[in-house]
Amino acid sequence: MNQIQFAHPWVFAFFLLLPLLAFLRGHWGKDAAIQYSGLSLFGPLIRGRKVQAGGWLSALRYFALFCFLLALARPQKVDSSTQVQESGIDMMLAIDLSPSMQALDYHKPDGEELSRVDVVRETVGNFIEARPNDRIGMVCFAGDAYLMSPLTLDHDWLLENVERLHVGLAGDATAIGSALATCANRLRDQPGKSKIIVLLTDGANNAGKITPMAAAEAAHALGIKIYTIGAGSADVAKFPVRNAFGQRVFITIPVDIDEGALQKIADIGGGKFYRAADYETLKHVYEEINRLETSKVAVKHFEHVREYFTWALYPGLLFFGLEVILAHTRWRRVP
C-alpha cells in the first residue's frame, strides 16, 4: 500500500501566518527614512518598472518561506505491506443433505419457518466468513459422500458452494461413516498443525461401506479432531411432501437422531457433541466451535519510507538565493 504523508503535519499551522505577515508588512512597512509632505512628485517613479521590483523580491521571499515550511513538514511516501502467517488450521465441514433435511422444524425469532438445510446454509456461511485465515473444505452426504469443495482459502468460492447446497445432491439415506472417511482422506496429508472435521446430521447411519466408529478411529489416528452436531427438533418435525394431485402438503415425521453414536464419534475424535434442536441453538453451536478453535494469526507489518523534503527545500533555497542576489543588483532597495 502506497500513501503520501507528512512527518510533522503540525507545521501546516504556520502556513496561516504567511498571508498575515504579508498583510502586516504591506500595511505598515518600515519606518520612513525621509519624510515628505506629499508623494505626488514621485508619481512617475511609482509607475516605473524598477519600483515594481520590490514586489517581486517580496514574492520571492514568501515563496522561499512557503517551501521551507513545506520541507519542515517532511513530506514522505510510505510503501507498506502486511505479511500474514496463517495458524495452520485445516477444516472439513461434513453436511447431511438427506431428504429429512427438508423438515420445517426451525423457526426464526419472528416466527418464520425454515427447513434444516436453509438454516445450515446460513449458519455455515457465517462460520466460514468468521474464519478468513483457515483452509476450509466441504463434503455433503446422504446415501453417498460427495466432495463439494477441497480445502481452500478462496472463501468467496466456498460460500458460493454453500448457497448451492440442497437436498438431493448426494442421494437418499445417511452415510455418516462415508462422510467422515472422505473428510479424513482430504485432511491426512495436509501440513496444518490442527485438523478438524465438523459433522452435521439429522439422522442415523444407515448406508455406506464403513461404519462411523471405524471412520472416527481412523481420523483420530491421523490426528484429526471431530465435532458432531445433531440437527432437528426434539420430538417430531413438519415435513413437506406431494400428494396424489401434485399439491404440496405437510406430514409429521419422527426425529431420528442417533445421539449416542454422535456422542461416541466426538469422544473418539477428541471433540464435542452438540444437540441443536432449534434455530438459535444451531447458530450458537457454530459460534462456540469458532471460539474453541481460534485461528492464531501472526501479522508482520513492513514500511519503507522515502523522504521528499528536498523537493521543497531546494526550490526554497533557489527563491531565497534569487532574492539575495537581486537585492544587490539594480533592483536593490533604496533606504
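E307 is partly exposed, with a relative accessible area of 32%; partly exposed covers the range between buried (under 20% relative accessible area) and exposed (over 50%), computed with a 1.4 Å probe on protein chains only. The structure is a predicted model, in which local features need pLDDT of at least 70, side-chain atom pairs count only at pLDDT 80 or more, and totals for chains, interfaces and linings use all residues. Residues are numbered from 1 along each chain as its sequence is written, and side-chain values use heavy atoms, with hydrogens and water left out.

The protein has ten helices and 13 strands. Helices (H or I, at least four residues) and strands (E, at least two) are DSSP runs, numbered from the N terminus. Of the 335 residues in the protein, 38% are buried. Among contacts (heavy atoms within 4.5 Å) with a separation of 6 or more, 79% join residues 24 or more positions apart.

E307 belongs to strand β13. Leaving aside neighbours within four places in sequence, E307 is in contact with R74, P75 and Q76. The C-alpha atoms of E307 and A71 are 9.8 Å apart, although 236 residues separate the two along the chain. One of the contacts of E307 is also a salt bridge: the side chains of R74 and E307 meet with an N to O distance of 2.3 Å. A salt bridge here is a side-chain nitrogen of Lys or Arg within 4 Å of a carboxyl oxygen of Asp or Glu. R74 sits in the loop between α3 and β2 and E307 in strand β13 (residues 298–307), so the pair ties together parts that are 233 residues apart in sequence.

Phi of R74 is near 55 degrees, a positive value in a residue other than glycine. With a relative accessibility of 29%, R74 counts as partly exposed.

Side chains of opposite charge can pair when their charged atoms come close. The count of salt bridges comes to ten, and the surroundings of the pairs can be read from the accessibility of their members. R131 and D134 form a salt bridge at 2.7 Å, N to O. R131 has a relative accessibility of 2% and therefore counts as buried, and D134 is buried at 0%. D189 and R188 form another salt bridge, with the closest N and O atoms 3.8 Å apart. Here D189 is exposed, with a relative accessible area of 63%, while R188 is partly exposed at 45%. Salt bridges also link D105, R116 and D202 in a network.

The next topic is helix packing. The axes of helix α4 (residues 116–129) and helix α5 (residues 155–163) come within 10 Å and cross at roughly 175 degrees. Axes are lines fitted to C-alpha atoms, for helices over the stretch in contact, and angles run from 0 to 180 degrees between N-to-C directions. By class, the contact between α4 and α5 has five nonpolar, two polar and three charged residues.

A nonpolar core is a set of buried Ala, Val, Leu, Ile, Met, Phe, Trp, Tyr and Cys residues joined through side-chain atoms within 4.5 Å. The largest such core has 36 residues, of which L93, V198, I229 and L282 touch the most other members. Elements giving two or more residues to this core include β3 (89–96), β6 (135–141), β8 (194–201), β9 (224–231), β12 (273–276) and α9 (279–292), as well as α4 and α5. The most comes from α4, with six residues. Not counting residues up to four places away in sequence, L282 touches Y106, V119, V120, T123, L200, I229 and A276. A second, separate core has 29 residues, A215, I265, A266 and I268 among them.

E280 lies in helix α9 and is partly exposed, with a relative accessible area of 29%. E280 and V119 are 161 residues apart in sequence, and their C-alpha atoms are 9.7 Å apart in space.

How values were computed:
Ala, Val, Leu, Ile, Met, Phe, Trp, Tyr, Cys and Pro count as nonpolar, Asp, Glu, Lys and Arg as charged, and the others, Gly among them, as polar.
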